[in-house]
Amino acid sequence: MTAVAARPAAPGAARRAREIRSVAMHDPLVRPLLDELSQEYWTRYQRVLTAEELRAEMEHYPAHEFAAPHGDLVLVLEDGAPVAGGAFRRRTEPEVGDPARLARASARRPDGTPAVRTAELKRIWTHSSHRRRGLARVVIAELERRAAERGYRRVYLTTGPRQPEAAGLYLATGYTPLFDTGTDPEEIGPLAFEKWLEVAP
């Protein structure tokens, strides 16, 4: 568990106690994350994906992939309530995204699988009542720190073409787009990004 100092409270506002905690996927504190993500995906993609396909996406990865030693799921808690969260897992499958746009060609094998130890970010979430407070940046920085501590050299992620806020967040936090940002995202499909981490030898 990592404690993080809360931002200074606005005049007259109550100060919130903030902590960042590792949790298991089945922890009851994770339920708001999963429920809101499901609703968000359904709102944005119901015309292109069925309810069954959306459910399959949410349940695609087994819970143990988001646990030590290869993964982690973290929640940002304020006064004990989850306000943001996210996870990473070890990426071993072929990646999407234009190989010519990789920062280092050595990142992938010819079959598209990662050639270096790569963490994949998943389930980045901020509670709908707490957006625009920088919490997603807190989550991403914490996941990157933990991934680097476990020896990951690179982070990979995808976001949907109908999530411009997420794409903007990743660009703003130093991720390299593996697609042409001038192309209509709907023509691309999943939008892939990567970022190299500084890992101590």
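Which residues are buried in helix α4 (residues 164-172)? In this helix, A166, A167, L169 and Y170 are buried, where buried means under 20% relative accessible area, exposed over 50% and partly exposed in between, with a 1.4 Å probe and protein chains only. The structure is a predicted model, in which local features need pLDDT of at least 70 and side-chain atom pairs count only at pLDDT 80 or more, while totals for chains, interfaces and linings use all residues. Residues are numbered from 1 along each chain as its sequence is written, and side-chain values use heavy atoms, with hydrogens and water left out. Helices (H or I, at least four residues) and strands (E, at least two) are DSSP runs, numbered from the N terminus.

The four buried residues A166, A167, L169 and Y170 lie on the same side of α4 because they cover an arc of only 160° around the axis, the arc being that of the directions from the helix axis to the C-beta atoms. An α-helix has 3.6 residues a turn, so residues three or four places apart point the same way. The exposed residues P164 and E165 are carried on the face of α4 turned away from its buried side. The buried residues of α4 pack against β5 (118-126), α3 (135-149), β6 (154-159) and β8 (191-196).

The largest nonpolar core has 28 residues, of which V76, F88, L121, L143, Y170, Y175 and F193 touch the most other members; such a core is a set of buried Ala, Val, Leu, Ile, Met, Phe, Trp, Tyr and Cys residues joined through side-chain atoms within 4.5 Å. Two or more residues are given to this core by each of β3 (72-78), β4 (81-90), β5, α3, β6, α4 and β8, and the largest share, seven residues, comes from α3. A second, separate core of 16 residues includes Y41, Y45, L54 and L77.

Helix α3 has 15 residues and reaches 21 Å from its first C-alpha to its last, close to the 21 Å expected at 1.5 Å a residue, the expected span being 1.5 Å times one less than the number of residues. Among the buried residues of α3 are L135, V139, L143 and E144.

In strand β8 is E194, which counts as buried because its relative accessibility is 0%. The side chain of E194 reaches the backbone nitrogen of A103 at 2.6 Å. Leaving aside residues up to four places away in sequence, E194 touches, among others, R101, A103, R154 and Y175, with contact meaning heavy atoms within 4.5 Å.

Technical notes
Polar contact = N/O pair within 3.5 Å; in protein donor to acceptor, adjacent residues only side chain to side chain.
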